[in-house]
Amino acid sequence: MNKFVEEFVKKSSGLTKPDRIIWIDGSKAQIDALRKEACSTGEMTKLNEDLLPECYLHRTAVNDVARVEDRTFICTAKKENAGPTNNWKESKEAYAMLEPIYDGAMKGRTMYVIPYSMGAVGSKFSKIGVELTDSIYVVLNMVIMTRVGQNVLDELGESSDFVRGLHAKADIDAEKRYICHFPEDNTIMSVNSGYGGNVLLGKKCFALRIASCLGRDEGWLAEHMLILGLEKPNGEVKYIAAAFPSACGKTNLAMLIPPKEFAEKGYKIHTVGDDIAWIRKGKDGRLYAINPENGFFGVAPGTNEKSNPNALASTKQGTIFTNVVHNLENNTVWWEGLDKNPPKNAIDWKGNPWSGDSEVKGAHPNSRFTAPAINCPCISDEFENPEGVPLSAIIFGGRRAQTTPLVYEATDWANGVFVGSIMASETTAAATGAVGVVRRDPMAMLPFCGYHMGDYFKHWLEVGEATEKQPKFFNVNWFRTDDEGNFLWPGFGDNMRVLDWIIRRCEGTVDAVSTPIGNVPNPKDINLEGTNMTEADIANLLTVDKALWKKEAEGIGEFYKKFGEQLPKQLATELDKLNNNLK
Ligand code: GTP
Ligand code: SPV
Ligand code: MN
């Protein structure tokens with residue numbers, strides 16, 4: 001028994017006062033017992049064992065269906081450590097504020113102790129966490145999303161080097177909901193929520209907010225990125241990491257199925273990760289990425305046999321569905337965009353009777369599946385590789401109806417960091433608040449960077465300077481629309497056509513056209529075989545409208561002002577260059 005873990009459990013149970021404490025050992029017997037218990041209380045529903053073996057349905061409270069960015073805090077001694085883009089609380093004040101909310105919150109309940117590893121157990125890139133929670137739903141999700149069990153405690157040994165996470169459902173009171181991070185103490189405190197990113201503390205809280213601080217101190221990067229391997233007909237695999245904001249296509253791109261014309265030639269995609277990448281320099285001077293997670297917490301709506309068959313296949317066993325439709329006809333699940341046959345006899349995400357004829361949506365737009373990574377038919381052979389995979393390209397992207405072309409290439413590392421830093425995207429249902437509003441979301445990390453974002457940009461620049469064999473940077477936008485709001489680009493599997501150009505740019509085997517914002521493809525170089533698109537359509541998707549970009553540059557200037565002295569000089573220079581190019 002690790003005495004630091006014991007101390008943490010003792011202190012936290014002293015505060016929350018649970019009736020009993022159960023240590024999660026990761027065994028099948030224990031998991032099965034917890035599933036049974038959750039079903040007996042109605043917390044979870046067991047689904048059709050023949051059609052969806054070992055799968056369960058859970059509905060969260062109606063006021064608790066997404067990350068709450070306005071109630072998420074970075075708590076540090078000094079405000080400047082959290083920077084201008086984070087909500088901040090002074091650490092001591094935050095602890096004092098939280099104490100009465102946690103006091104007795106687990107009375108009559110059980111506290112579960114979850115030792116977990118982010119990354120393969122024992123890899124030197126991996127980090128250990130201990131989450132204490134009073135939710136079986138959280139335990140069962142953590143068992144899928146991370147590596148849980150006794151072997152993690154064995155790996156930790158006598159060390160005090162683990163991230164402490166304390167989660168209590170309390171009363172799911174939205175007014176007293178807090179997701180607080182204490183990067184100076186490696187501690188996370190989450191209370192009054194039972195939903196996803198607010199409570200599965202290994203994910204956004206640890207693997208991004210706390211880990212970004214660890215990465216700054218230790219010389220690596222914790223990023224909101226998918227990782228994929230693109231196998232070429234000659235068998236060579238090139239790895240790409242890509243950052244898109246929440247609900248902007250990471251899971252879909254990570255599991256892409258190449259169009260027939262590519263598949264027939266031998267192109268394949270291998271999934272390493274769909275949400276988070278930890279990136280560091282390898283001995284050979286290249287950047288290597290690992291996926292610290294062990295499962296997918298994916299957006300359900302829109303996932304179907306055509307858009308993402310690999311994600312759908314991943315959900316066929318051992319999966320927990322959250323806030324989707326319960327199909328009572330065969331005790332399975334349904335969501336908008338799954339197929340054209342919504343059930344007639346069903347329960348919606350709020351728990352009300354529902355039928356496919358209803359005017360209202362049956363599944364919440366941010367309903368999710370929690371699926372084991374090993375279920376994924378295209379999971380990479382390198383998924384467990386403790387050294388990670390070497391990156392050839394880093395892609396940034398967002399949801400922009402206008403302005404941003406389908407793809408463009410940055411001119412060098414500093415320009416690439418600039419391109420990441422100016423990312424903007426329409427907000428989605430993954431967080432509470434308005435949907436469809438364009439906001440700046442640098443590197444898709446606005447809600448997840450655990451420290452001053454100006455320093456974060458500086459850290460990115462420094463990592464580049466230390467990297468001898470740098471990947472190339474690109475920006476993509478699958479979401480450009482016509483005047484009626486229809487997507488101009490087919491997306492999904494067809495995104496392979498853009499990845500193909502990106503890889504050929506990395507190999508230096510295709511030319512590009514210079515524009516004020518970077519290099520775009522010659523339309524003829526995007527392989528359109530098998531589509532009904534023309535070169536003119538691609539040319540239209542690649543236009544860089546100077547008037548729109550002048551407005552964009554103004555917005556970037558405004559955004560950069562937030563960072564004051566902490567904005568790295570190189571980025572100010574990059575903005576000057578952009579303004580000059582637009583003259
Ligand atoms: P998080 O898990 O919240 O981080 O989301 P994500 O970035 O993994 O997004 P995901 O792949 O789940 O996609 C979210 C939504 O975007 C879904 O409704 C998809 O159908 C849609 N989407 C994904 N890729 C594309 C694309 O290439 N084109 C279009 N038009 N929509 C897409
Ligand atoms: C996201 O919002 O980016 C997610 C879902 O991946 S959550 O885990 O809720 O953050
Ligand atoms: Mn995400």
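**Inside the core**

Guide: The largest nonpolar core here has 129 residues, and W278, F396, W460 and Y560 are those with the most contacts inside it. By nonpolar core I mean a set of buried Ala, Val, Leu, Ile, Met, Phe, Trp, Tyr and Cys residues joined through side-chain atoms within 4.5 Å. Buried is under 20% relative accessible area, exposed is over 50%, and partly exposed is in between (1.4 Å probe, protein chains only). This core draws at least three residues from each of domain 1 (3-43 + 68-219) and domain 2 (223-294 + 381-581), with bounds that come from an automatic or database domain assignment. There's also a second, separate core of 29 residues, which includes F73, C75, A94 and M111. In soluble globular proteins, nonpolar side chains tend to be buried together.

A quick word on where this comes from: it's a predicted model, where local features need pLDDT of at least 70, side-chain atom pairs count only at pLDDT 80 or more, and totals for chains, interfaces and linings use all residues. Residues are numbered from 1 along each chain as its sequence is written, chains are lettered from A and ligands numbered from 1 in the order in which they are written, and side-chain values use heavy atoms, with hydrogens and water left out.

Back to W278: among the residues that touch it is Y288, where contact means heavy atoms within 4.5 Å. Y288 sits in strand β17 (residues 287-290); strands (E, at least two residues) are DSSP runs, numbered from the N terminus. Y288 has a relative accessible area of 15%, so it counts as buried. Its side chain makes a polar contact with the side chain of D284 (2.7 Å). That term is for a pair of N or O atoms within 3.5 Å; within protein, one must be able to donate a hydrogen and the other to accept it, and residues adjacent in sequence count only if both atoms are side-chain atoms.

Next comes strand β18 (residues 295-299): 4 of its 5 residues are buried, so the rest of the structure largely encloses it. β18 and β24 run antiparallel, joined by 5 bridges, and strands pair if DSSP finds at least two bridges between them. G295 has P372 as its bridge partner in β24.

Last, the cysteines: the disulfide count is 0, taking a disulfide as a pair of cysteine sulfur atoms within 2.5 Å. For C376, the nearest cysteine sulfur, that of C378, is 3.6 Å away. C376 is buried because its relative accessibility is 2%.

Key:
Lists of a residue's contacts leave out its neighbours within four places in sequence.
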